[in-house]
Amino acid sequence: MFVRKSAVRGAEASGGSAGRARRVPRGPRPESVPALIARACVLAGFLDIAAGVFPRFRHSRMHTLAEVLPGTLGPFAAALALSSGVLLLLLAHGLRRRKRRAWRAAVVLLPFGACAQFAYRHSFVGVVIPLLLLWLLARHRGQFDALPDPRSRWRALTNFVLMGAGSILLGLAIVSVHPHRIVGNPSLAERLEHVLYGLFGVDGPLDYAGTTSRTVAVSLGALGLITALTTVYLAFRPARPAAWLSEEDEVRLRALLDKHGARDSLGHFALRRDKGVVFSPSGKAAVCYRVVSGVMLAGGDPVGDVEAWPGAIEHFMDEARAHSWTPAVMGCSETGGEVWTRETGLTALELGDEAVVDVADFTLAGRAMRNVRQMVRRIERHGYETRVRRVRDLAPAELARVRRAADDWRGTDTERGFSMALGRIGDASDADCLIATAHRSDAAGTEPGPYGDLKAVLHFVPWGDDGVSLDLMRRDRDADPGLNELLIVAALEAAPKLGIARVSLNFAMFRAALARGERIGAGPVLRAWRGLLVFLSRWFQIESLYRFNAKFHPRWHPRFVVYDSTKDLPRIGWAAMQAEGFVTIRLPRPLRHRLQEQGTQAA
């Protein structure tokens, strides 16, 4: 399901009803000047690299004369051209995103590239292209005004890995493009050894005729120096932390949720403390977000009064433009998708469905619930009992035990979830959250587990005054299967006593495709799409979550992803996987534990 772009901003709703904007088709947007300059920067970078690596590319009569003149201008000019080319390639991404610092670095670097082209290759074209690019940067300097991104020292590790791999590959090209001057017939292992030695400024096992040895050595040393300097710079520059939810922001968000929290089941997840927030000018609405890999990800609908949403959305888009971030929204409702597309001209694509169970309609009776009923009865016969309580009703010691168990049973190094996860259990400010626990006493003569009789935990967050939304499900790996079903049934049966009328379960991605693809009469394209989703379910919980939710016969509410351009979808998908915790860059667990122990001992 698509919600198409609109080039017209609709009027705000009157009387609480959403206004309907006129739909105007919009053609492809012309490529921006920063994007064109970035492409030219890539061209200039490859030109410099080619001039520093390939002898035939830099051959000319003046270059032949320069090679026999005394001095070391040739080798150092080759290294300078190579270094300038690599750095220009690194700056191209920042120029495309209109980063001011990338513009400054390119303005400083381009003259050095032009000098290297003239000193080593003596090419008129090689000099004109960098100077022309420098003129374009100076003329359009006003368009490069984007602020820096949040800084993380993990970028230093990423830079070291990528630059190191790129330097090795480029170094292999450097040592191999002189077949007529190399002494002997070295193997690939010897060439690789020479590259590794050369990156550290040490002479390797290979030898060349004439001045080629000097040129290769200086070029390899320049690559190693660039890798080292960029890594050290990223590692030791002052950190600029990502946006974080302050105490004042959290108080304001809770006030908005008290008034308008019943509208969206994901509203309480806006209180994750690793999110930033922007408010509307009136303060009656807010959009919570996180920046991941240059993507500004908002989760769910804006919080607050629907009529104030446009002001918060406009502030969100202004923030994205100021930093040249790619705006995107994960998991908004149909109403939210309509407002986002109307106010911003973005596009909404159906991502999946949220399962909502009405407590008044839920029953274990009937043939449709036979499988769930039998599973629950079997688990109960094995001696399990359940307890459903508010967080405020748990004793501090028991709450701490539940928290430790949920963390230990997580199964991954990082907490997963972003748009539909709170990221904490038992916080004093979350007293209205709901915890369902399963217990079973261990058999006589057996040693009790680290968490006593606790075997499984479900955590729900408030959804207005009469609803809850499932946050996480954790269970002991050694416990019997079916505990999650048992606890959901227990929560639904206890809901009326707790004043709960509706329960939101898990989100099922691509639920419609999975359901329609297995029906009689489904076309080949739909069946192929379903087959791909089933295949991907081996690594991601796609089909399993859909099957699990369908057991309780919920109402399905579509959720959408909102984006600007189709070409941004892969980048948004990658950023969403990072935000949700499916992709992480971390030190190996043994090394992390060792560092933690050393830090504890030092303290």
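Predicted model: local features only at pLDDT ≥ 70, side-chain atom pairs only at ≥ 80, totals over all residues.
The chain contains 20 helices and 13 strands. Of its 603 residues, 48% are classed as buried. The accessible surface amounts to about 30500 Å², and carbon and sulfur atoms account for 58% of that area. When contacts between residues at least 6 apart in sequence are considered, 76% of them join residues at least 24 apart.

Ser 265 is located in the loop that runs between helix H10 (247–260) and strand S2 (276–279). With a relative accessible area of 2%, Ser 265 falls under the 20% cut-off and is therefore buried. The side chain of Ser 265 takes part in a polar contact of 2.3 Å with the side chain of Glu 354. A polar contact of 3.3 Å links the side chain of Ser 265 to that of Arg 559. Once neighbours within four places in sequence are set aside, the contacts of Ser 265 are Glu 354, Trp 463, Ser 469, Ser 504 and Arg 559.

The structure has 3 cavities of 30 Å³ or more. By residue class, the lining of the largest cavity comprises 4 nonpolar, 4 polar and 3 charged residues.

Arg 530 belongs to helix H17, which spans residues 524–536. Its relative accessibility is 18%, and Arg 530 is classed as buried because this value is under 20%. A polar atom of the Arg 530 side chain lies 3.3 Å from the backbone oxygen of Leu 514. Leaving out residues up to four places away in sequence, Arg 530 is in contact with Ala 513, Leu 514, Gly 517, Glu 518, Glu 543 and Arg 547.

Thr 158 is part of helix H7, residues 154–176. Thr 158 has a relative accessibility of 31% and so counts as partly exposed, a class that lies between 20% and 50%. The C-alpha atoms of Thr 158 and Leu 234 are 9.8 Å apart, while the two residues are separated by 76 residues along the chain.

Ser 293 has a phi near 55 degrees, which is positive in a residue other than glycine. Ser 324, likewise not a glycine, has a positive phi of about 60 degrees. Most residues other than glycine have a negative phi. Ser 293 sits in the loop between strand S3 (285–292) and strand S4 (295–299), and Ser 324 in the loop between helix H11 (309–323) and strand S6 (326–332). Ser 293 is partly exposed, with a relative accessible area of 39%, whereas Ser 324 is buried at 12%.

Note on methods
Residues numbered from 1 in each chain as written. Heavy atoms only, no water. Helix = DSSP H or I, 4+ residues; strand = E, 2+ residues; numbered from the N terminus. Buried < 20%, exposed > 50% of the residue type's maximum accessible area, 1.4 Å probe, protein only. Polar contact = N/O pair within 3.5 Å; in protein donor to acceptor, adjacent residues only side chain to side chain. Contact = heavy atoms within 4.5 Å. 1 Å grid on protein atoms, 1.4 Å probe; cavity = no way out; pocket = protein on both sides within 12 Å on 5 of 7 lines; lining within 4 Å. Points joined across faces, edges and corners; volume = space filled by probe spheres on them. Nonpolar A, V, L, I, M, F, W, Y, C, P; charged D, E, K, R; others polar. Areas by Shrake-Rupley, 256 points an atom, 1.4 Å probe, with all protein chains shown as cover.
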